[in-house]
Amino acid sequence: MIDLREVRSVTEFQRNLKEHVGRLKGRKTPMVLTVNGRAELIVQDARSYQALLNRLERAETVAAIRQGMDELKLGEGISLQEAEQKLRKKHGFSR
């Protein structure tokens, strides 16, 4: 969640770069940067960003699995053997 106390102008961020980088690393929360008073950028430390990407990837994977399971319950989809045959044909693999 974005902490509204962590809103800075790009100019102020640039002036105090070392201080802000230290704060970002320490707090592990993103900072909103504004241009002409409007929110334009979000900055955060690399580890927190990678953790966010990892969570997103897991969430997308779970959603895709659920979708596939729902499709199977509705009688949609194909068997594993049929999928394998299609993939082998598409990519030119034989057994």
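**Exercise 1. Glu12 and its salt bridge**

Classify Glu12 as buried, partly exposed or exposed, and identify its salt-bridge partner.

Step 1. Glu12 has a relative accessibility of 23%, so it counts as partly exposed. Buried means under 20% relative accessible area, exposed over 50%, and partly exposed in between (1.4 Å probe, protein chains only).

Step 2. The partner is Arg8, with N to O at 3.7 Å. A salt bridge is a side-chain nitrogen of Lys or Arg within 4 Å of a carboxyl oxygen of Asp or Glu.

The model is predicted: local features need pLDDT of at least 70, side-chain atom pairs count only at pLDDT 80 or more, and totals for chains, interfaces and linings use all residues. Residues are numbered from 1 along each chain as its sequence is written, and side-chain values use heavy atoms, with hydrogens and water left out.

**Exercise 2. Further salt bridges**

State how many salt bridges the structure holds, then describe the pairs of Arg27 and Glu84.

Step 1. The structure holds 5 salt bridges.

Step 2. In one of them, Arg27 joins Glu6, and the closest N and O atoms are 2.3 Å apart. This pair links distant parts of the chain, since Arg27 is in helix H2 and Glu6 is in the segment before strand E1 (7-9), 21 residues apart. Helices (H or I, at least four residues) and strands (E, at least two) are DSSP runs, numbered from the N terminus.

Step 3. Arg27 is partly exposed at 48% relative accessibility, whereas Glu6 is buried at 4%.

Step 4. Glu84 meets Arg88 at 3.0 Å, N to O. Both residues lie in helix H4, 4 residues apart, about one turn of the helix. Glu84, at 26%, is partly exposed, and Arg88, at 27%, is partly exposed.

**Exercise 3. The length of H4**

Step 1. Confidence in the chain is lowest in H4 (residues 80-91), at a mean of 91, and highest in helix H1 (residues 10-15), at 96. This confidence is pLDDT, given by the predictor for each residue from 0 to 100. The mean for the chain is 92, and 99% of its residues reach 70 or more.

**Exercise 4. The hairpin and positive phi**

Describe the pairing of E2 and E3 and find the residue between these strands that takes a positive phi.

Step 1. E2 (residues 31-35) and E3 pair in the antiparallel sense over 5 bridges. Two strands pair if DSSP finds at least two bridges between them. Val35 stands opposite Arg38 in E3.

Step 2. The hairpin has 2 residues between the strands, and Asn36 takes a positive phi near 55°. Most residues other than glycine have a negative phi. Asn36 is exposed at 78% relative accessibility.

Step 3. Lys28 is another non-glycine residue with a positive phi, near 60°. Its place is in the loop between helix H2 (17-27) and E2, and it is partly exposed at 43%.
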